[in-house]
Amino acid sequence: MIPENFIRLKKYSFKDIYIIENRACWTSYKDQCSISDDLVLTIDLGLKKDLERHGYHVTYLDHLVDQNILDKANFEIMEFLGGWYKDRLGKNLLEYNGYDIGASMLLNILNKVTYYSHFFYNIIGIKSLKYSKLYVSVVDEVIESVLNDLSLEIVKTESQNTSDQTVYSFPISRWMNEKLNRTTLKERLKDFAVSCLDRFNDLADRFKFRYEKVIYIQTHHPTKRIIEHFDRDKGVKVLVSNYSRLKNVLRERRVTINNKLNVKKDTAILLQRYKSGSRYELKFEEYQISDFLYRLIDPLVEEQLSLALSKIKCIDFFFSKQPISLMVPITHLWMENKLIINYCQKNSIPVFTIINGLLNLSFWNDAKGGDFVNSYSTSIKEDYFENAPNAIPLGDPRMDDYFDITPKNINRENPVIIIGAAGFDLLDLNSYLSFEFDFLYDILSVLKSLKDSNKFKLILKVRPNGYKHLYNEMISEYFPELELEVIQDLSFEQVISKADLYITFYSQTVFEASCIGSPVIYYKKDTQTVDRPFDGASELVTAFDTKTLKEKILAFYNSEPIFDLFLNKKVMEKYIGPLDGKNTARNIDFINSLISNERIK
C-alpha cells in the first residue's frame, strides 16, 4: 500500500479522478467532472489554467509524487542506465574487443527510459489516493502503457481532437526525433557532401607525411577556440566530430565511418549473449520496473548493434593508419564519441574531457570516466565530481569573452528586463513537461501586476531547443496587454548585452549576465535538487515563489544591494571558474602537456 505522503497533494480523497492530456481531450468530460469532488491530472498548462479559473482540483500528472522520493529514484534510474547491459553478476553482455557497446548506446535509449520513468514514478502516486473511478483521455501512448503496467482500472474515452487550442507542454518526442534523426532533405544533402569531403581528405592524406601529433577534439562551443588554435599548429593534425568551419575543411579531418559494413555474424553472437544473460533488476515498491524498461530497450539493441559494430571496425581501421595522441571530448554521450573513448582507453591514449556547460545534477554521471576532466570551477569539482583528483578546474574557454568588460550602466527607470526561458529536464524526474510555460506564466503574471507602477521593456530569450511559436501563442492568449519581444535565433551574447535585469532558471547564462554587470534573479519555480549556486543558499539572488519574485524585482528598482555579491567576479569564480581571460590558454597548455607526455606516467 502506497502511503498518502507519497504525493504532493494535500487532499487524498476524491469521488473520481480524470487523467486528461490536454484541452482537446477535455471535451469528452467537461460536462461530467465535478468541480468540488473530482481531481483532474494533466500535462498541459493550458488545461490546468482553464480549470483553475473555474475552481477545479487540478495538478500536473507528471509532477504528482513527492520531491524526495523522486530524488532517490533519479539515482536508481541512473544506476540502471549505467548497468542495464550487464548481468546480475556484473558481466558486460555487450562487450566487444574492449569496446563497451552498451554504454555507447546510452543516448539512443535515454529518451525512452527516462520518459517512461517520468510517468511511471508519478502515476504510481495515484495508488495512494482514494477514489471511485479513473477516467482517461490521452493521446500519449506512454501514459497508457504505464497505466496498464500498474494494473490501474480505467474508463477510457478516445480523444475527439476537436479543439484547436494550443498545448503548452514541451513536445519531447518530436524534439528527440529531430535531434537524433537527420531526415530533412537539407540535412541529407549536407551529410552526403560531408561524406564526399571525408573521402577526398582520406585520399589526399595517403600522399602526405604523417603528422607528429594527432588530436581528436569533439566540436562544440567549449572547444571552438581550442580547435582554431591547433588548426594553426602545423605540427598537429586535428580530428573533429564535425568540421568547425567551412574554411577549415581541408585542414581538419573526421574519422571516416561506414555504418553499413557486413557484421551479421558478430551481431548475431552478441545479440544471443545479451538475450540469454540474466537481467539487471530495478524494483520500485512491488514493481519490477526493469521488466518494463527492457521492453523499451531490447528493440533498440537489435536496431543499434550492427551500427555499433560497423563503427568499431571503422574506428580500428582508421586509427591503425593514423594513430592519435589524445582525445578531447565534451561529453561521454553519442555512440561514435563513446566508442572512440573506448578505443583510447584500451590503447592507453589519454582522454581529457572539457565539460559542456555546468554540471549541477549530482545523480548524473556524464564526464566522470575520463583520465582528466576540466571541471571549470572548484564548486563543480567538489559537488559533481566529489573532489575526484582527475577533475581539474581550468575554466570555461567561452567565459574569456567576458574578461575585462566595462560593466554597463543599469537603467532602473525604464529597464530592459530579459527573461531566459526555462526548459523541461529530460534527466530529472522532478521536472515536468509544462515547466517552461509554468515558469514563464508566473514571471509574466508578476510583471503584469507591476505594469501600472513601473516602466520596463520585455524580451524573452528562447532556448535553442525551444519552440518559439508556442511562446508566441501563450503570450497572445494569456498576456496580450504586455509588449514582449520573443527572440530565439540571435546569440545569447547579442541579447544579454541589452539587459538591465535578467530573470531565468538554473542556467550558466546567469554568469554571462553578471559579467556584463546586469543584476540576475534566479526564479526557482523548479523543485529539482541542483548544486551550487542554484541551491537556494548561495549568493545568487533567488526567488522561490511569485511573492518573493515580486519583492526581488522591486528591490532591483530600488537599487537595493542584494544583487552586489553575485556581481563580484571572485564570487562568480567559485562556481564558473576563472574569469581572468586565460581559460583558453590554460586548456591549450594542459593539452600540450598531455601530448608531450609531461602528465602521462
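Strands (E, at least two residues) and helices (H or I, at least four) are DSSP runs, numbered from the N terminus. This is a predicted model, where local features need pLDDT of at least 70, side-chain atom pairs count only at pLDDT 80 or more, and totals for chains, interfaces and linings use all residues. Residues are numbered from 1 along each chain as its sequence is written, and side-chain values use heavy atoms, without hydrogens and water.

**Exercise 1.** Work out which elements and domains line the second largest pocket.

*Solution.* A pocket is an open set of points on a 1 Å grid over the protein atoms alone, where a 1.4 Å probe fits, with protein on both sides within 12 Å along at least five of seven lines; lining residues have an atom within 4 Å of a point. Among the 21 lining residues, Arg8, Leu9, Lys48, Thr59 and His63 are the closest to the centre of the second largest pocket. Helix H2 (45-53) and strand E3 (57-60) each give two or more residues to this lining, and E3 has the largest share, four residues. Finally, domain 1 (16-75 + 111-180) and domain 3 (416-576), with bounds from an automatic or database domain assignment, both contribute to the lining, so the pocket lies between them.
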